[in-house]
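Here is a short report on a single model. It covers helix packing, an aromatic pair and a few individual residues.

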Amino acid sequence: MPKINVELDWETVDNIVRTQVTDARDGLIELREQRKKKNSKGGIFDTDRKKDLILMDAHIEAFDMVIKYFGGNIND
């Protein structure tokens, strides 16, 4: 398969990154809601539910910082 190079301006790249990070953040928020249930099993970052929720919160906050850095608004 041949490779294709596409030139993108920085605004477009920022939009792509912001969209991807926002989607990842939103998915983690949904998983966090499921994990908050006392009978939830498994885990994303840890099998201990309390630790897992703490780590999820930390990752969501980190996503928020990245989204803001790329010009996004986390309240949308």
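Is Lys 36 buried, partly exposed or exposed? The model is predicted, and in it Lys 36 is partly exposed, at a relative accessible area of 38%. Lys 36 sits in the loop between H1 and H2. Beyond its neighbours within four places in sequence, Lys 36 is in contact with Arg 49 and Leu 53. Met 65 lies 29 residues from Lys 36 in sequence, and their C-alpha atoms are 23 Å apart in space.

**Helix packing**

Helix H1 spans residues 10-35 and helix H2 spans residues 49-69. The two pack at an angle of about 160°, with axes 10 Å apart. An angle over 145 degrees counts as roughly antiparallel, and H1 and H2 are therefore roughly antiparallel to each other. The crossing of H1 past H2 is left-handed.

By class, the contact holds eleven nonpolar, two polar and eight charged residues.

**Before H1**

Leu 8 and Glu 7 are next. Leu 8 lies in the segment before H1. Leu 8 touches Val 13 and Ile 16, with residues up to four places away in sequence not counted. Glu 7 is also found in the segment before H1. From Glu 7 to Arg 18 is eleven residues along the chain, and their C-alpha atoms are separated by 18 Å.

**Aromatic pair**

How many aromatic pairs does the structure hold? It holds one. Tyr 69 and Phe 70 form this pair, and the geometry is edge-to-face. The ring centres are 5.2 Å apart, with 85° between the planes. Planes over 60 degrees apart count as edge-to-face, so the 85° of Tyr 69 and Phe 70 falls in that class. Tyr 69 itself is exposed, with a relative accessible area of 68%.

**Accessibility**

The table collects the values for individual residues.

| Residue | Relative accessible area | Class |
|---|---|---|
| Glu 7 | 81% | exposed |
| Leu 8 | 46% | partly exposed |
| Lys 36 | 38% | partly exposed |
| Tyr 69 | 68% | exposed |

Technical notes. Residues are numbered from 1 along each chain as its sequence is written. This is a predicted model: local features need pLDDT of at least 70, side-chain atom pairs count only at pLDDT 80 or more; totals for chains, interfaces and linings use all residues. Side-chain values use heavy atoms; hydrogens and water are left out. Axes are lines fitted to C-alpha atoms, for helices over the stretch in contact, and angles run from 0 to 180 degrees between N-to-C directions. Helices (H or I, at least four residues) and strands (E, at least two) are DSSP runs, numbered from the N terminus. Angles under 35 degrees count as roughly parallel, over 145 as roughly antiparallel, 65 to 115 as roughly perpendicular and the rest as oblique. A crossing is left-handed if the near helix is turned anticlockwise from the far one by less than a right angle, and right-handed if clockwise. Ala, Val, Leu, Ile, Met, Phe, Trp, Tyr, Cys and Pro count as nonpolar, Asp, Glu, Lys and Arg as charged, and the others, Gly among them, as polar. Rings of Phe, Tyr and Trp (its six-membered ring) pair if their centres lie within 6.5 Å; planes under 30 degrees apart count as stacked, over 60 as edge-to-face and the rest as tilted. Buried means under 20% relative accessible area, exposed over 50%, partly exposed in between (1.4 Å probe, protein chains only). Contact means heavy atoms within 4.5 Å.
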